[in-house]
Amino acid sequence: MLGLPDGTRACLFDLDGVLTDTASVHAAAWKQMFDEYLRVRAEREGAEFRPFDVTSDYGPYVDGKPRLAGTDSFLRSRGIELPAGGPDDAPDAETVFALATRKNDLVQDKIVTVGVEVYPGSVRYLHAVKEAGLAAAVVSSSANAEQVLRVAGLIELIDHRVDGVTAKERGLPGKPAPDTFLAAAADLGVGKDQAVVFEDALAGVASGKAGGFGFVVGVDRLGHADALREHGADVVVSDLAELLEAGR
Ligand SMILES: [Mg+2]
């Protein structure tokens, strides 16, 4: 029914790109934060304001990177080097930490005000997983995963969550290390051979492969099916609902 190997007891879902389409929210928050800073800086130096470009700057410098690394990487691409700073910096401090914090605040605002898009095929699939009596967990590097699940109306369908907050508390290294997926399976009391990983990122499928999981589903939202297979996906779909059809 689910297009998964016999004996599967748990499904471990990445969140952004697999269940929800939050990439556009992140891109908009990055642009707003960087543009506010670049504008102030340009005015101060009497230089021309050149805004953050979602098409040419988002992919190479910030997409998929942790907040601090993404902030620093883009600034350096513009020849700007700021002190790292720390988590207690004032929001208007001119440090990498302060700018990264501002971006996170904007993401949280947008999740509440703009909302979160869910993939309808993924919602159908989640219902089928629950009906089949399998456990469903979310394994995400995002620190906002709980809020995203709530706003998206998916929280009731998820039995367990290992996210950026729990990973930090438990000292688990992030993807592509397999530790967060392994922790989720262990928490559910399910062997890794009985758990399936669902991922849209190359680092994510690599993490499922490295963890030795029973099966890795690559979710291709970007037209990079071959790369997902090369990084360890056993099957690649462009929508989770395709698995329901395959499982019939
Ligand atoms: Mg993802």
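**The magnesium site**

Analyst: Asp-200 is buried, at 17% relative accessibility (buried is under 20% relative accessible area, exposed over 50% and partly exposed in between, using a 1.4 Å probe on protein chains only). Asp-14 is buried too, with a relative accessible area of 8%. A quick word on the source: this is a predicted model, where local features need pLDDT of at least 70 and side-chain atom pairs count only at pLDDT 80 or more, while totals for chains, interfaces and linings use all residues. Residues are numbered from 1 along each chain as its sequence is written, and side-chain values use heavy atoms, with hydrogens and water left out.

Both of those aspartates hold the magnesium ion: its protein donors are Asp-14 (OD), Asp-16 (O) and Asp-200 (OD), at 2.1 to 2.2 Å. Donors here are N, O and S atoms within 2.8 Å of the metal (3.2 Å for Na, K and Ca), and water isn't among the atoms, so sites may look incomplete. Along the chain, the donors are spaced D-x1-D-x183-D. Asp-14 sits in the loop between strands S1 (10–13) and S2 (20–21), and Asp-200 in the loop between strand S6 (195–199) and helix H9 (202–210), so the pair ties together parts that are 186 residues apart in sequence. Helices (H or I, at least four residues) and strands (E, at least two) are DSSP runs, numbered from the N terminus.

As for the packing, the largest nonpolar core has 51 residues, and Phe-13, Tyr-125 and Phe-198 touch the most other members. Such a core is a set of buried Ala, Val, Leu, Ile, Met, Phe, Trp, Tyr and Cys residues joined through side-chain atoms within 4.5 Å. Helix H1 (residues 23–45) gives the largest share, 8 residues.
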